[in-house]
Amino acid sequence: MDLVAGVRKEGSRGGRDAFKWEDVKDDQHRENYLGHSLMAPVGRWQRNKDLSWYAKGDTSQAATEAANTRAEEIKRIKEAEQDALSEALG
């Protein structure tokens, strides 16, 4: 007697190919899905808004200059460390 054969069900319970964020928008339990507020936004306040604004980099001139200054400072520090190490080793 095989007990496992009686438990199995035919078909699929759904997977990556069957999942759609559009279905989550209409789902009664949409809050249970991780990422629902970004991937399946509903409501007037979310229309035409950039919901992932925090993940975008800062492209202003000041931010670019600050990054360049920091990169130059790191380069100078690494060169100084390399010189000190070379001098210490002989």
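Q: Is lysine 25 buried, partly exposed or exposed?
A: This is a predicted model, in which local features need pLDDT of at least 70, side-chain atom pairs count only at pLDDT 80 or more, and totals for chains, interfaces and linings use all residues. Residues are numbered from 1 along each chain as its sequence is written, and side-chain values use heavy atoms, with hydrogens and water left out. Buried means under 20% relative accessible area, exposed over 50%, and partly exposed in between (1.4 Å probe, protein chains only). Because its relative accessible area is 27%, lysine 25 is partly exposed.

Q: Which residue forms a salt bridge with lysine 25?
A: A salt bridge is a side-chain nitrogen of Lys or Arg within 4 Å of a carboxyl oxygen of Asp or Glu. The closest N and O atoms of the pair that includes lysine 25 are 3.5 Å apart. Both residues lie in helix 2 (residues 21-26), three residues apart, about one turn of the helix. The partner of lysine 25 is glutamate 22.

Q: How many salt bridges does the count come to?
A: Besides the pair in helix 2, the side chains of glutamate 31 and arginine 30 meet at 4.0 Å, N to O. Lysine 56 and aspartate 50 also meet in a salt bridge, at 3.0 Å. By this rule the count comes to three.

Q: Is arginine 30 buried or exposed?
A: Arginine 30 takes part in a salt bridge with glutamate 31. Its relative accessible area is 11%, so arginine 30 counts as buried.

Q: Which residues make the nonpolar surface patch of about 490 Å²?
A: Patches are made of residues with over 30% relative accessible area and no salt bridge; like charges are joined within 9 Å, and nonpolar side chains (Val, Leu, Ile, Met, Phe, Trp, Tyr) within 5 Å. Accessible areas come from the Shrake-Rupley method with a 1.4 Å probe, and for residues only the protein chains shown count as cover. One member, leucine 38, lies in helix 3 (residues 36-39) and has a relative accessible area of 37%. The patch is made by Leu38, Met39, Trp53 and Tyr54.

How values were computed: Helix = DSSP H or I, 4+ residues; strand = E, 2+ residues; numbered from the N terminus.
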